[in-house]
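The following exercises concern a predicted model.

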Amino acid sequence: MEKNISFPCDDINLSGLFDEGMGTGVKNGVVVTHPHPLYGGDMYNPVVEEIIRTYRAKGWATLRFNFRGTGASGGRHDEGYGEQEDIAAALTYMRNAGIPVPDLAGYSFGAWVCARCAAALDNAHRMIMVSPPVAMMDFAGIEAIPQLALVITGSLDEIAPPDLLHQHLPIWNPDARFSVIEGADHFFSGWANALGAAIEPFVSME
């Protein structure tokens, strides 16, 4: 069961929801990041909920949290800069909880922030990016992402269009799986089950 938590990031505290999974001895976990807070994104977003649900169904420990300036998290929105520190702090929380190298899954803005800080992370195992917003956010300068294992988007996603993602994948990681959910847009409204089904085999690999 998820419980409300607070953890430090430099001089602020971030709010989150943590589930220890199957309990003592669990070694698999995931940190999930949310979409753009200036457009209403937070850790309660339905896509974030579905990612969490899929991992929890396999007994994994999960942590979702609000970026700085969102919900009860301290600080102010920092346009993807300070938010990278937020991710590092969340990974540290997981390590302290006994999950030394969790997965990292980001949706939309959350995926963009994950991609921006991936090169500096040595305590994240695999990375999932759901609808990385390549048609909206600046991905210039983001090159190899060795942790990247899965990218998911919808066939009708105008913010993360499949054709544009195809151009980025060989740069990010040519070995990453690419899944396109037919009929889904950027918000996966009505397609949550299909999103979970695309993630589930990936989670089951561990």
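**Exercise 1.** Determine how helices H2 and H3 are oriented to each other, and which residues meet between them.

Step 1. Helix H2 comprises residues 82-96 and helix H3 residues 109-117; their axes come within 9 Å and cross at roughly 85°.

Step 2. Angles of 65 to 115 degrees count as roughly perpendicular. H2 and H3 are therefore roughly perpendicular to each other.

Step 3. On the side of H2, the contact is formed by Glu83, Gln84 and Ile87, which meet Phe109, Val113, Cys114, Arg116 and Cys117 of H3.

Step 4. Sorted by kind, the residues of this contact are five nonpolar, one polar and two charged.

**Exercise 2.** State the order of the strands in the open sheet and explain which strands stand at its edges.

Step 1. The open sheet has eight strands in the order E1-E2-E4-E3-E5-E6-E7-E8, and the pairing is mixed.

Step 2. Strand E1 (3-9) and strand E8 (177-181) each have a single partner strand, so one side of each lacks a neighbour in the sheet, and these two stand at the edges.

Step 3. Direction ignored, neighbouring strands of this sheet are turned by 20° against each other on average.

**Exercise 3.** Describe the pairing of E3 with E5 and of E1 with E2.

Step 1. Strands of a sheet pair through backbone hydrogen bonds, either parallel or antiparallel.

Step 2. Strand E3 (residues 29-33) and strand E5 (residues 103-107) are paired in the parallel sense over four bridges. Val30 has Asp103 in E5 as its bridge partner.

Step 3. E1 and E2 run antiparallel and are joined by seven bridges. Within E2, Asn13 stands opposite Pro8.

Step 4. A hairpin is formed by E1 and E2, with two residues between them; Asp10 in the turn has a positive phi of about 55°.

**Exercise 4.** Which residues line the largest pocket, and how do they divide into nonpolar, polar and charged?

Step 1. The space in the largest pocket amounts to about 230 Å³.

Step 2. Its lining consists of Pro35, His36, Tyr39, Gly40, Gly41, Asn45, Tyr107, Ser108, Met136, Ile159, His186 and Phe187.

Step 3. Of the residues in the lining of the largest pocket, six are nonpolar, six are polar and none is charged.

Conventions: Residues numbered from 1 in each chain as written. Predicted model: local features only at pLDDT ≥ 70, side-chain atom pairs only at ≥ 80, totals over all residues. Heavy atoms only, no water. 1 Å grid on protein atoms, 1.4 Å probe; cavity = no way out; pocket = protein on both sides within 12 Å on 5 of 7 lines; lining within 4 Å. Points joined across faces, edges and corners; volume = space filled by probe spheres on them. Nonpolar A, V, L, I, M, F, W, Y, C, P; charged D, E, K, R; others polar. Axes fitted to C-alpha atoms, helices over the stretch in contact; angles between N-to-C directions. Parallel < 35°, antiparallel > 145°, perpendicular 65-115°, else oblique. Contact = heavy atoms within 4.5 Å. Pairing = 2+ DSSP bridges.
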